[in-house]
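Please look over the sequence and the model before reading on.

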Amino acid sequence: TWPDPLVDFGTQLYVPWQLVSGKVLYRDIAYYNGPLSQYVDAGLFAVFGVGLRTLVWGNLVVLGLAVVLVYHLARRASGAQAAAAAGVAFVVFFAFNQGVGIGNFNWVTPYTTEITHGAVLGLFTLACINRYQRGHRGGWLALGGIALGLTFLTKAEPFAATAMACVVQLGADLWMGRAKAR
């Protein structure tokens, strides 16, 4: 399930390495996604050294956060047993699975880290809104807004999905509040 360095994964190593070397994204390095993931990976390279192992450990942390968030959201929606099943299914089918001949489509060595980082930020956004709905404390809504903004800095696809989910989730909260008032 490790990446194929000849088929696309080299960018995930090259761009952060160049950032650590002093280059600037979009000025010195042509790049088509948001800056957040590349600068996070560059920070990991600056602290732990440039290499595949550093990205693997960083992505394992992201994966761990994703599993915790999937469990948390599924537990709120369906209970502990369903949440455990969702967490196990997530790990078995998505985290390490290699469904095609090239190992770039998993969470440990993804085709692009912007998708995995954006997905985790999106899940965190939804968890914050869910927490807001339970107590209507504005701090959770603000934290969710910050997480949504960070999702925007990863890639368009996770941002669009998260933004639409936020609209539905907050719209349902507003509608339920009006129904209770009646």
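## Overall fold

The model is predicted. The protein chain contains 7 helices and 0 strands, and its pattern along the sequence reads α-α-α-α-α-α-α. The C-alpha trace spans about 60 × 35 × 25 Å along its principal axes.

Of the 182 residues in the protein chain, 37% are buried. Among contacts with a separation of 6 or more, 63% are between residues 24 or more positions apart.

## Surface and charge

The protein chain exposes about 10,200 Å², and 68% of this area comes from carbon and sulfur atoms. There are 12 positive and 7 negative side chains. The centres of these two sets lie 19 Å apart.

## Helix 3

Helix 3 runs over residues 52–78, a total of 27 residues. Just after helix 3, G79 adopts a positive phi of about 105°.

The buried residues of helix 3 include T54, L55, G58, N59 and A74, along with V56, V62, L63, A66, L69 and V70. The buried residues of this helix pack against helix 1 (10–20) and helix 2 (36–48), and also against helix 4 (80–95) and helix 5 (113–135).

## Nonpolar cores

The largest nonpolar core has 12 residues: V56, V62, L63, A66, L69, V70, F90, A95, W107, V108, V120 and A127. Helix 3, helix 4 and helix 5 each supply at least two residues of this core. Helix 3 gives the most, with 6 residues. Apart from this core lies another, of 6 residues, including V15, I29, Y31 and A42.

V62 is one of the residues of the largest core. Leaving aside residues up to four places away in sequence, V62 touches W107, T116, H117 and V120. W107 and V120 are also listed in the largest core.

## A buried glutamine

Is Q18 buried or exposed? Q18 lies in helix 1. Its relative accessibility is 7%, and because residues under 20% count as buried, Q18 is classed as buried.

Not counting residues up to four places away in sequence, Q18 touches K23 and I29. I29 is among the residues of the 6-residue core.

Note on methods. Residues are numbered from 1 along each chain as its sequence is written. This is a predicted model: local features need pLDDT of at least 70, side-chain atom pairs count only at pLDDT 80 or more; totals for chains, interfaces and linings use all residues. Side-chain values use heavy atoms; hydrogens and water are left out. Helices (H or I, at least four residues) and strands (E, at least two) are DSSP runs, numbered from the N terminus. The expected span of a helix is 1.5 Å times one less than its number of residues. Buried means under 20% relative accessible area, exposed over 50%, partly exposed in between (1.4 Å probe, protein chains only). Contact means heavy atoms within 4.5 Å. Accessible areas come from the Shrake-Rupley method with a 1.4 Å probe; for residues, only the protein chains shown count as cover. Lys and Arg count as positive and Asp and Glu as negative; His and the chain ends are not counted. The place of a charge is taken as NZ of Lys, CZ of Arg, CG of Asp or CD of Glu. A nonpolar core is a set of buried Ala, Val, Leu, Ile, Met, Phe, Trp, Tyr and Cys residues joined through side-chain atoms within 4.5 Å.
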